[in-house]
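Open the model in your viewer and keep the sequence panel beside it. This tour goes stop by stop: what to select, then what is there.

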Amino acid sequence: SSGINAEYGGHCAWCDADSSCLAYDPITNIKTLPGCSTNKFFASNCIVDHKVVMIAIGVAAGIVFILLSIFLLWCCCCKGKAARRRKMANADAEYQARMDEISNKHDELREQRQAKHDAIRQKYGLQKSSPYERFD
């Protein structure tokens, strides 16, 4: 038994048909166990058959892969959309602030022009009695 442990790094499998512990290399002996008359053997445990363990490991790896993929897609797509949405909102706010500033500047210049025109009209006596009256 000590020769088996040294040869395969301590890995052995229980052959149910022969009731013996045989050397087992988990890398090369995935489906069959050399020296076991049937394919029913227990590797690294004495309760669950080797095939069931392999299937369970495959299913668990698949579930982990799917969950990891979903998480990565969520991070990249959903979080990315939120970041783009925030960036667009900031850009829109900056644009609106710039438009408000330009509009305020135009209003101020319009008021200055109107005040200048009113001063010229007053200077030359061209005051209107009604805002709707026409100048001749």
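What follows is a walk from the whole chain to the sheet, then along a helix.

**Stop 1: the whole chain**

Keep in mind that this is a predicted model. Show the protein chain as a cartoon. It holds two helices and three strands. In what order do the elements run from the N terminus? The order is α-β-β-β-α.

Now switch to a surface view. The protein chain exposes about 11,200 Å². Carbon and sulfur atoms supply 61% of that area. The chain has 136 residues, and 11% of them are buried. Contacts tell a further part of the story. Take those between residues at least 6 apart in sequence: 17% of them join residues at least 24 apart.

**Stop 2: the sheet**

Select residues 12-15, 20-23 and 41-43. The stretch 12-15 is strand β1, 20-23 is strand β2, and 41-43 is strand β3. Together they make an open sheet in the order β2-β1-β3, with antiparallel pairing. The edge strands are β2 and β3, each pairing on one side only. From one strand to the next, the twist averages 30°.

Strands of a sheet pair through backbone hydrogen bonds, either parallel or antiparallel. Turn on the backbone atoms and look at each pairing here. β1 and β2 run antiparallel and are joined over four bridges. To find one of the partners, click Cys12: its bridge partner in β2 is Ala23. On to the other pairing. β1 and β3 are also antiparallel, over three bridges. Click Cys15 and look across to Phe41 in β3, which stands opposite.

Stay on β1 and show its side chains. Which residues lie on the covered face, and which on the uncovered one? Ala13 and Cys15 form the covered face. Cys12 and Trp14 form the uncovered face.

**Stop 3**

Phe41 belongs to β3, whereas Lys51 sits in helix α2. How far apart are Lys51 and Phe41, in sequence and in space? They are ten residues apart in sequence, and their C-alpha atoms lie 8.3 Å apart. Lys51 is partly exposed, with a relative accessible area of 44%.

**Stop 4: an aromatic pair**

Select residues 50-123, which make up helix α2. Show the aromatic side chains. The model has one aromatic pair. Zoom in on Phe71 and Trp74: their ring centres are 6.4 Å apart and their planes meet at 35°, so the pair is tilted. Planes under 30 degrees apart would count as stacked, and over 60 as edge-to-face.

Phe71 and Trp74 are three residues apart in α2, so about one helical turn separates them. Are these residues buried, partly exposed or exposed? Phe71 has 46% relative accessibility and counts as partly exposed. Trp74, at 42%, also counts as partly exposed.

**Stop 5: two salt bridges**

Begin with Arg110 and Asp107. Their side chains meet at 2.8 Å, N to O. Both residues lie in helix α2, three residues apart, about one turn of the helix. Arg110 is partly exposed at 45% relative accessibility. Asp107 is partly exposed too, with a relative accessible area of 31%.

Then move along to Arg121 and Asp118. What separates the closest N and O atoms of Arg121 and Asp118? The distance is 3.3 Å, and the two residues form a salt bridge. This pair also lies in helix α2, three residues apart, about one turn of the helix. Arg121 has 23% relative accessibility. The cut-off for buried is under 20%, so Arg121 counts as partly exposed. Asp118 is partly exposed as well, at 34%.

**Last view**

Clear the selections and return to the cartoon. Colour the three-stranded sheet, β2-β1-β3. Then colour helix α2, residues 50-123.

Note on methods. Residues numbered from 1 in each chain as written. Predicted model: local features only at pLDDT ≥ 70, side-chain atom pairs only at ≥ 80, totals over all residues. Heavy atoms only, no water. Buried < 20%, exposed > 50% of the residue type's maximum accessible area, 1.4 Å probe, protein only. Contact = heavy atoms within 4.5 Å. Areas by Shrake-Rupley, 256 points an atom, 1.4 Å probe, with all protein chains shown as cover. Phe/Tyr/Trp six-rings, centres within 6.5 Å; stacked < 30°, edge-to-face > 60°. Salt bridge = Lys/Arg side-chain N within 4 Å of Asp/Glu carboxyl O. Pairing = 2+ DSSP bridges. Axes fitted to C-alpha atoms, helices over the stretch in contact; angles between N-to-C directions.
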